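Colleague: I'm new to this one and would like a close look at a single part. Could you pick up one of the charged pairs and walk me outward from there?

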Amino acid sequence: MTGPRIEQKMGMLKSPLNCPGAGSAQAGKGASCQDCPNQRLCASGAGAAPDPAIEQIKEKMKTVKHKILVLSGKGGVGKSTFSAHLAHGLAEDESKQVALLDIDICGPSIPKIMGLEGEQVHQSGSGWSPVYVEENLGVMSLGFLLSSPDDAVIWRGPKKNGVNSASENKRDLKGMIKQFLRDVDWGEIDYLIVDTPPGTSDEHLSIVQYLSAAHIDGAVLITTPQEVSLQDVRKEINFCHKVKLPVIGVVENMSGFICPKCKKESQIFPPTTGGAEVMCQDLNISLLGKIPLDPQIGKSCDEGQSFLAEVPESPAAISYRNIIQRIQDFCGLHSSQEKSL
């Protein structure tokens, strides 16, 4: 098998010819959907009646100015680390209110990274209250609902806890995401960052579905330089196109290592196909920046500290801040365009 069919199998094409679109009743069912990597995902929501929670969430999200999803095609590329430091970086402006929502259901690592392990969610008359790192930085995660950080969250049907089928399990998953968006007392927020699981799964469809009427600014995609990671990011870009989710840009994480003594850069993960830069050029997607490896990043995450505050002058911290500024610029432009419509 050669040519376009191989590329389509790998998710390298934006969409198949005559794609009906993820919102169509024929999504995932048409002849053009065959061999598309997102066929199952599209088909799972095709023809479904609108969820009344969408309007409820739209009303709730009126107090949230900007909504940013952080996606990755593959696990282990630093997506949660980036989400956490995007939140930290935005919150350095004390005039801004920032919220970080962790919907990585099976691997909620945000409480650890943000230094909030052991914290619990409190409920009031207005809903769940986020857990605050700073006065202007709130966090919500499934991790706060677990009795121990070592507890496994198992989402599979049939299950012994009364969920008897995969479809019921899927409703439970959607219900949790729905509750995070609708029932959390977010208050007046300038930026809501949503840390998602790797891949293009039910969580991604649910978050896009529920926020569709509330205007998502876009998605930031995280990758590393290797082709094995870039292949999965192409699938993620394909997914974004299908569900009409704007792509803010791509961040190449772990992009080389700069020796703190000699300042020489080494390629720990060589970009054999040109890395994110070439991929972004080919797909006409913005490259937001490259973040070099820095052992202090991992240390800061383990200790629940902000790397940007710990080592503000490091090459990685400078790269983070440049990327954050570009994301802010995109959100500002996006808001201006919406107001002009």
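**A lysine and its surroundings**

Modeller: Let's start with Lys290, which is partly exposed, its relative accessible area being 36%. Keep in mind that this is a predicted model. The side chain of Lys290 meets that of Glu277 in a salt bridge, at 3.2 Å from N to O. Glu277 sits in helix H9 (residues 275-283) and Lys290 in strand S11 (residues 287-293), so this pair ties together parts that are 13 residues apart in sequence. Glu277 is partly exposed too, with a relative accessible area of 36%.

Setting aside neighbours within four places in sequence, Ser319 is in contact with Lys290, Ile291 and Pro292. Ser319 belongs to helix H12 (residues 315-340). Is Ser319 buried or exposed? With a relative accessibility of 12%, Ser319 counts as buried, because the cut-off for buried is under 20%.

Staying with helix H12, we come to Arg321. Its side chain and that of Glu92 form a salt bridge, 2.7 Å from N to O. This pair links distant parts of the chain: Arg321 is in helix H12, Glu92 is in the loop between H4 and S2, and they are 229 residues apart. Both partners are partly exposed: Arg321 has 30% relative accessibility, and Glu92 has a relative accessible area of 40%.

Asp93 is partly exposed, at 34% relative accessible area. On the surface, Asp93 gathers with Glu94, Glu134 and Glu135 in a patch of negative charge.

How many salt bridges does the structure hold? The count is 11. Another of them joins Lys74 and Asp232, whose closest N and O atoms are 3.0 Å apart. Lys74 lies in the loop between strand S1 (64-72) and H4, while Asp232 is in helix H8 (residues 227-242), so they tie together parts 158 residues apart in sequence. Here the two partners fall into separate classes: Lys74 is partly exposed at 29% relative accessibility, whereas Asp232 is buried with a relative accessible area of 16%.

To place all this in the whole chain, there are 12 helices and 11 strands. Of its 341 residues, 49% count as buried. Among contacts between residues at least 6 apart in sequence, 74% join residues at least 24 apart.

Notes
Residues numbered from 1 in each chain as written. Predicted model: local features only at pLDDT ≥ 70, side-chain atom pairs only at ≥ 80, totals over all residues. Heavy atoms only, no water. Patch = residues over 30% accessible without salt bridge, like charges linked within 9 Å, V, L, I, M, F, W, Y side chains within 5 Å. Areas by Shrake-Rupley, 256 points an atom, 1.4 Å probe, with all protein chains shown as cover. Salt bridge = Lys/Arg side-chain N within 4 Å of Asp/Glu carboxyl O. Lys, Arg positive; Asp, Glu negative; His and termini not counted. Charge placed at Lys NZ, Arg CZ, Asp CG, Glu CD. Buried < 20%, exposed > 50% of the residue type's maximum accessible area, 1.4 Å probe, protein only. Helix = DSSP H or I, 4+ residues; strand = E, 2+ residues; numbered from the N terminus. Contact = heavy atoms within 4.5 Å.
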